[in-house]
Amino acid sequence: MPRQSRGPYLWLRPARPRDTGVDPAIWIIRDAGRQHSTGFGQGDGPKAQAALAAYIATKYAPARRERDITEIPVADVINVYLADVAPNQARPEKAAERCGRLLDFFGERRLSEVTGATCRAYAEGRGSGGARRDLQDLAAAINHHAREGLHRSIVRVALPARGQARQRWLTRDELARLLWTCLRTREHQEGKATDKRPLRHLARVLLIGAYTGSRPGAILNASWIRGPGLSFVDTTNGVFHRHADGEAESSKRQPTVKLAPRLLAHLRRWERLDAAQPKPQTYVVSFHGAKVLSVKTALHSACKLARVDPVTAYTLRHTAASWLVARGLPTRNVADFIGTGEQMILSHYGHLAPDYQDEAAHAIGSKPTPQLRHH
């Protein structure tokens with residue numbers, strides 16, 4: 001029996017020498033003996049995965065008729081999902097990135113081969129945390145395919161166990177050390193310090209994150225002006241519109257948040273500085289005039305220099321929540337400010353409240369109230 005075609009997949013073409021130098025390694029889409037460049041280098045794997053998903057979505061029109069699961073390529077299932085569902089999500093490019101990884105692994109398989117064994121193999125190669133989110137998309141794609149009447153048999157996706165919730169947050173001393181490091185660190189060239197300060201943009205992220213509890217994506221998308229797809233910092237009215245203008249609502253709530261007076265003073269000063277630049281800056285957080293896509297590397301460097309145990313940008317959200325609970329703010333108010341459910345605040349930060357378990361502690365040590373007798 002002839003082997004089923006693998007379908008399109010990614011291949012990292014190694015760097016190769018040329019007369020004028022060296023062509024760097026680049027991600028290539030291989031399909032039916034042909035090669036299509038993604039335009040992305042070795043360090044842009046996620047973008048290459050998204051390019052693969054987009055390529056499949058534009059090239060292939062999956063059969064929209066009922067078939068047996070032994071005949072349905074997983075690529076068809078994911079392609080239907082990319083066409084019908086992903087464009088309506090809050091971040092369709094992230095869905096395409098996850099689907100690209102799924103296609104690269106399940107490309108040679110049929111829907112009947114989505115089993116516990118293959119899901120565990122995927123998780124082992126990907127890492128349980130990231131694999132769980134990817135496989136949730138696979139499950140959603142399969143369920144959508146079934147709802148469309150394109151297959152009848154039940155196909156279940158085995159998800160890895162949910163990861164342990166992160167409990168790390170910054171103390172005020174740690175935040176102060178990180179801020180000092182970001183403001184004072186200079187770039188060195190040939191052993192000499194220059195006037196360039198490569199971590200200064202990170203100070204804005206740290207302050208906005210710790211004082212608003214906003215998600216990293218909203219902080220990096222924050223703008224001084226209103227516009228489609230942008231979050232908006234309104235320094236006139238002292239509020240941060242975290243939900244990007246025009247984007248679809250999602251389960252990750254991003255309500256408008258009031259800005260603390262201390263943070264608002266910083267923001268107004270930054271806005272004046274950015275407006276005075278030869279090319280006025282649109283984004284609140286920028287680096288050499290460009291939007292910052294990630295602070296992972298910068299934050300790692302800052303933690304190392306400040307001698308602070310490593311944290312992520314998401315730690316700032318935990319920091320804001322923990323500080324508010326520890327100050328005695330009602331958990332309902334903390335949840336509304338952060339943009340999450342009250343139960344999450346209670347589960348993760350309730351023990352930090354100054355009156356945590358006071359009622360129970362007093363009750364267990366007091367004499368029971370005499371029962372009234374019924375006549």
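Colleague: Leaving aside neighbours within four places in sequence, what is P62 in contact with?
Modeller: P62 is in contact with D76, N79 and V80. Contact here means heavy atoms within 4.5 Å.

Colleague: What kind of model is this, and how are residues numbered?
Modeller: It's a predicted model, where local features need pLDDT of at least 70 and side-chain atom pairs count only at pLDDT 80 or more, while totals for chains, interfaces and linings use all residues. Numbering runs from 1 along each chain as its sequence is written, and side-chain values use heavy atoms, with hydrogens and water left out.

Colleague: Good. Where does P62 lie?
Modeller: In the loop between α1 (45-59) and α2 (74-84). Helices (H or I, at least four residues) and strands (E, at least two) are DSSP runs, numbered from the N terminus.

Colleague: Buried or exposed, that P62?
Modeller: P62 counts as buried because its relative accessibility is 15%. The cut-offs are under 20% relative accessible area for buried, over 50% for exposed, and partly exposed in between (1.4 Å probe, protein chains only).

Colleague: Zooming out, how many helices and strands are in the protein chain?
Modeller: 14 helices and 13 strands. The protein chain has 375 residues, and 41% of them are buried. Take the contacts between residues at least 6 apart in sequence: 56% of those join residues at least 24 apart.

Colleague: Now the inside. Which residues have the most contacts in the largest nonpolar core?
Modeller: L202, L206, L267 and V284, in a core of 39 residues. α6 (172-184), α7 (200-212), α8 (216-220), α9 (261-275), α10 (296-306) and α11 (315-326) each supply at least two residues of this core. The largest share, 7 residues, comes from α7.

Colleague: And what counts as a nonpolar core?
Modeller: A set of buried Ala, Val, Leu, Ile, Met, Phe, Trp, Tyr and Cys residues joined through side-chain atoms within 4.5 Å. In soluble globular proteins, nonpolar side chains tend to be buried together.

Colleague: Pick L267. What does L267 touch, not counting residues up to four places away in sequence?
Modeller: I208, W224, V233, T235, L259 and V284. There is also a second, separate core of 35 residues, which includes I56, A95, L102 and V114.

Colleague: Back to α10. Which of its residues are buried?
Modeller: A298, L299, A302, C303 and A306. They sit on the same side of α10 because they cover an arc of only 135 degrees around the axis. That arc is taken over the directions from the helix axis to the C-beta atoms. What covers these buried residues includes α6 and α7.

Colleague: What does the face of α10 turned away from its buried side carry?
Modeller: The exposed residues K296, T297, H300, K304 and L305.

Colleague: Switching over to H288, what is its phi?
Modeller: Positive, about 55 degrees, and H288 is not a glycine. H288 has its place in the loop between β12 (286-287) and β13 (290-291). With a relative accessible area of 69%, H288 is exposed.

Colleague: Last one, α13. Which residues are buried there?
Modeller: In α13 (residues 342-349), the buried ones are I345, H348 and Y349. Their arc around the axis is only 85 degrees, so they lie on the same side of α13. They pack against α11 and α12 (331-338).
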